[in-house]
Amino acid sequence: MGHKRLMLVVALVVIATLMLSSCAKTGDKQLEVFSWWTGGGEEAGLNAMIKIWQEKYPDIEFVNAAVAGGAGSNAKAVLATRLSAGDPPDSWQGHAGQELIGTYVAAGQLEPLDDLYKENGWYDVFPATLIPLISKDGHPYSVPVNIHRANVLWYNPAVLAQYNVDPPDPTSFDSWIAAMDALKAAGMEAPLSLGEAWTQKHLFETILLATVGPDTYTKLWNGEADWGSADVTKAIENFGLVLTYVNPDYASLSWQDASKLVADGDAAFNVMGDWAEGYFRVDLGLKLGTGFNWMPVPGTKGSYQFLSDSFVLPVGAKHRDAAIKWLTLCGSKEGQDAFNPLKGSIPARSDADVSLYSEYLQAAMADWKVDTIVGSLAHGVVANDTWSNDISTALGQYLTDKDGAALQAALVNLCKTDGPCK
Ligand code: GAL
């Protein structure tokens with residue numbers, strides 16, 4: 001090789017090396033993660049994951065783009081605006097089920113994650129019940145970080161003892177009504193605490209389940225059961241009855257406010273997902289059995305009305321490599337075992353270190369294995385966002401006029417316009 005050629009080769013090698021190192025340097029410097037985990041019972045779990053992120057990737061700034069408001073009541077609108085402006089966050093929180101498949105996947109907003117699933121062996125560790133809920137045409141579209149339970153009745157044991165009322169029987173809806181009657185008779189005006197609109201929908205879905213049972217409940221969502229049936233009429237009646245026990249200022253309370261009424265002894269009961277356990281235990285420092293206690297919403301024992309928070313990879317993510325690193329953390333044992341013990345959820349993975357979890361969460365893990373699994377409405381499993389939002393409107397109307405027949409007619413109609421009913 002002549003001197004000139006040698007120089008050329010050396011120059012090329014130097015340029016290639018410089019280019020490679022500058023590529024490495026211009027790798028993602030940021031990761032923007034969007035969720036609604038800001039307040040008590042919400043952010044401790046996320047912060048634990050952020051801490052791991054900062055240890056693992058000190059050079060990639062974690063931008064926490066959380067928008068306050070339980071169940072995504074504000075966040076989802078902000079996300080929709082960003083998506084329509086072509087400005088997706090690098091990853092966002094989306095519920096497994098119809099919210100994901102019938103909303104974001106249907107709109108072509110997400111990348112499939114087949115390779116990530118294979119590389120990480122996730123098909124072997126995520127529950128078989130969950131995979132179809134995050135897949136379309138056999139391709140998975142999100143990484144589930146947890147399983148939450150929706151049908152939980154939280155109660156204050158000291159308040160029941162003070163009024164000399166036994167905890168209800170979790171197999172009997174009527175025993176819960178009897179307990180609330182006894183509390184009212186003893187002078188407690190609002191034995192059941194309630195909050196803003198989405199918490200009313202949450203209460204409704206649990207009473208629907210308690211009234212019609214898990215089989216019909218599931219069939220209502222897949223179009224095989226009739227929303228016009230006497231069962232549903234009864235469920236609406238039960239919902240109306242339960243609403244007679246709630247605090248009058250419900251519309252202005254967050255879920256934390258409503259949970260706190262129970263913690264403070266100003267109400268005996270609250271129906272909320274088990275993020276409330278994270279709030280009671282981690283944020284308020286209460287002990288299970290004395291400060292708070294739980295049972296399945298009476299009439300729903302044996303059913304696990306679930307939802308799952310999962311994270312996605314949008315088409316056009318600005319920091320795609322960082323987003324993939326984030327999803328890998330979300331699906332990892334390390335990530336899930338840091339997040340869930342604080343969040344008040346059980347891990348989506350089947351190989352978690354059970355000893356890290358609270359007594360309640362260990363009980364939830366046991367129930368998850370044996371109970372009949374049904375999906376949540378208020379948290380994205382059974383209905384896409386359009387259907388679910390239209391049900392919210394109908395429920396809002398019902399809260400004002402208490403017209404059960406009109407609510408049922410709306411539910412019949414919405415299954416046709418937004419759901420699978422013909
Ligand atoms: C749910 C979400 C939970 C919890 C809850 C209250 O929709 O899945 O993780 O954050 O809202 O905000």
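Modeller: Leaving aside residues up to four places away in sequence, Asp 337 touches Ala 352, Asp 353, Leu 356 and Tyr 357, and this, like everything that follows, is read from a predicted model. Two of these neighbours also meet the side chain of Asp 337 through polar atoms: the side chain of Tyr 357 makes a polar contact with the side chain of Asp 337 at 2.7 Å, while the backbone nitrogen of Asp 353 lies 3.1 Å from a polar atom of that Asp 337 side chain. Asp 337 itself belongs to helix H14, which covers residues 333-343, and because its relative accessible area is 12%, under the 20% cut-off, Asp 337 counts as buried. Asn 156, by contrast, is 181 residues from Asp 337 in sequence and 28 Å from it in space, taken from C-alpha to C-alpha.

Turning to the ligand, 13 residues surround it, and the closest are Glu 42, His 95, Asp 309, Lys 343 and His 379. Of these, His 95 places a polar side-chain atom 2.7 Å from an oxygen atom of the ligand. Trp 37 likewise has a polar side-chain atom 3.0 Å from an oxygen atom of the ligand, and for Trp 36 an N or O atom of the side chain is 3.3 Å from a ligand oxygen atom. Taken alone, the ligand would expose 300 Å², and the protein buries 100% of that area. The space that the ligand takes up is the largest cavity.

How values were computed
Residues are numbered from 1 along each chain as its sequence is written. This is a predicted model: local features need pLDDT of at least 70, side-chain atom pairs count only at pLDDT 80 or more; totals for chains, interfaces and linings use all residues. Side-chain values use heavy atoms; hydrogens and water are left out. Helices (H or I, at least four residues) and strands (E, at least two) are DSSP runs, numbered from the N terminus. Buried means under 20% relative accessible area, exposed over 50%, partly exposed in between (1.4 Å probe, protein chains only). Contact means heavy atoms within 4.5 Å. A polar contact is a pair of N or O atoms within 3.5 Å; within protein, one must be able to donate a hydrogen and the other to accept it, and residues adjacent in sequence count only if both atoms are side-chain atoms. A residue is near a molecule or strand if one of its heavy atoms lies within 4 Å of it. Accessible areas come from the Shrake-Rupley method with a 1.4 Å probe; for residues, only the protein chains shown count as cover. On a 1 Å grid over the protein atoms alone, a cavity is a set of points where a 1.4 Å probe fits but cannot get out, and a pocket is an open set with protein on both sides within 12 Å along at least five of seven lines; lining residues have an atom within 4 Å of a point. A molecule sits in a cavity or pocket if more than half of its atoms lie within 2 Å of its grid points.
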